[in-house]
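The following note sets out points for a colleague who has the coordinates open. Please read each point against the model.

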Amino acid sequence: MKQYYLDTSVLLVYTLASGTEVGRYADVLRLFDLIENDRLRAITSFYALHEVYVFALENSPDFNTGTEYGKAAISLIMNTKIQLTPLLSRIERKINERFFRHLPDMSDLPHAISAKIWGCDGIVAYDEHFRAVSDVLEYLTPEDMHDNFGD
């Protein structure tokens, strides 16, 4: 079974941005349906969870509300069949960063490396920076996933 890395941009639509990204939310729900029904495997990392949490803090009126939103978002993600990868070791990062030198946004580097070392076939994201590494990892959107794995 194929395995894909879910980037923060997808997790945000699934959790904190579902109301503002209505069109994308429907596609993300279909992606999660594929995951929950064992049509494909998905992983994400602590990097993505951290970014979701920070997004909640930065887009809330105060720290307490942001903390509540962030915890609820992470809880929603963790209650799915998504597998969670650990943080990268310095050695893993050093060995693998050479594959992703052409990545335009280096903040995406831990996501790309995590996807590679954990055997993912590609990255599912709304972040088009990952197109630059499609020679190493296939770049797909949630819509592409449904086209490839849906009925």
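1. E128 is exposed, at a relative accessible area of 51%; here exposed means over 50%, buried under 20% and partly exposed in between, with a 1.4 Å probe and protein chains only. Its side chain meets that of R131 in a salt bridge, at 3.3 Å from N to O, the criterion being a side-chain nitrogen of Lys or Arg within 4 Å of a carboxyl oxygen of Asp or Glu. R131 has a relative accessible area of 45% and therefore counts as partly exposed. By this rule the count comes to four salt bridges.

2. On provenance, this is a predicted model, in which local features need pLDDT of at least 70 and side-chain atom pairs count only at pLDDT 80 or more, while totals for chains, interfaces and linings use all residues. Residues are numbered from 1 along each chain as its sequence is written, and side-chain values use heavy atoms, with hydrogens and water left out.

3. Another of the salt bridges joins R30 and D27, at 3.8 Å from N to O. Both residues lie in helix 2, three residues apart, which is about one turn of the helix; helices (H or I, at least four residues) and strands (E, at least two) are DSSP runs, numbered from the N terminus. D27 is buried, with a relative accessible area of 15%, whereas R30, at 35%, is partly exposed.

4. D38 forms a salt bridge with K81, the closest N and O atoms being 3.1 Å apart. Because D38 lies in the loop between helix 2 and strand 2, and K81 in the loop between helix 4 (63–78) and strand 3 (83–85), the pair ties together parts that are 43 residues apart in sequence. D38 is partly exposed at 45% relative accessible area, and K81 is partly exposed at 42%.

5. What is the setting of D108, which is buried yet has no salt bridge? D108 lies in the loop between helix 5 (90–96) and helix 6. The nearest side chain of opposite charge, R93, is 10 Å away; Lys and Arg count as positive, Asp and Glu as negative, and His and the chain ends are not counted. The D108 side chain does make a polar contact with the side chain of H129, at 3.4 Å. A polar contact is a pair of N or O atoms within 3.5 Å; within protein, one must be able to donate a hydrogen and the other to accept it, and residues adjacent in sequence count only if both atoms are side-chain atoms. Leaving aside neighbours within four places in sequence, D108 is in contact (heavy atoms within 4.5 Å) with L103, D127, H129 and F130.

6. Helix 6 is largely enclosed by the rest of the structure, because seven of its nine residues are buried. The buried residues are L109, P110, H111, A112, I113, S114 and A115. Just after helix 6, G119 takes a positive phi of about 75°.

7. Helix 3 (residues 46–58) and helix 6 (residues 109–117) pack at an angle of about 145°, with their axes 9 Å apart. Axes are lines fitted to C-alpha atoms, for helices over the stretch in contact, and angles run from 0 to 180 degrees between N-to-C directions. Y47, A48 and E51 in helix 3 meet P110, H111 and S114 in helix 6.
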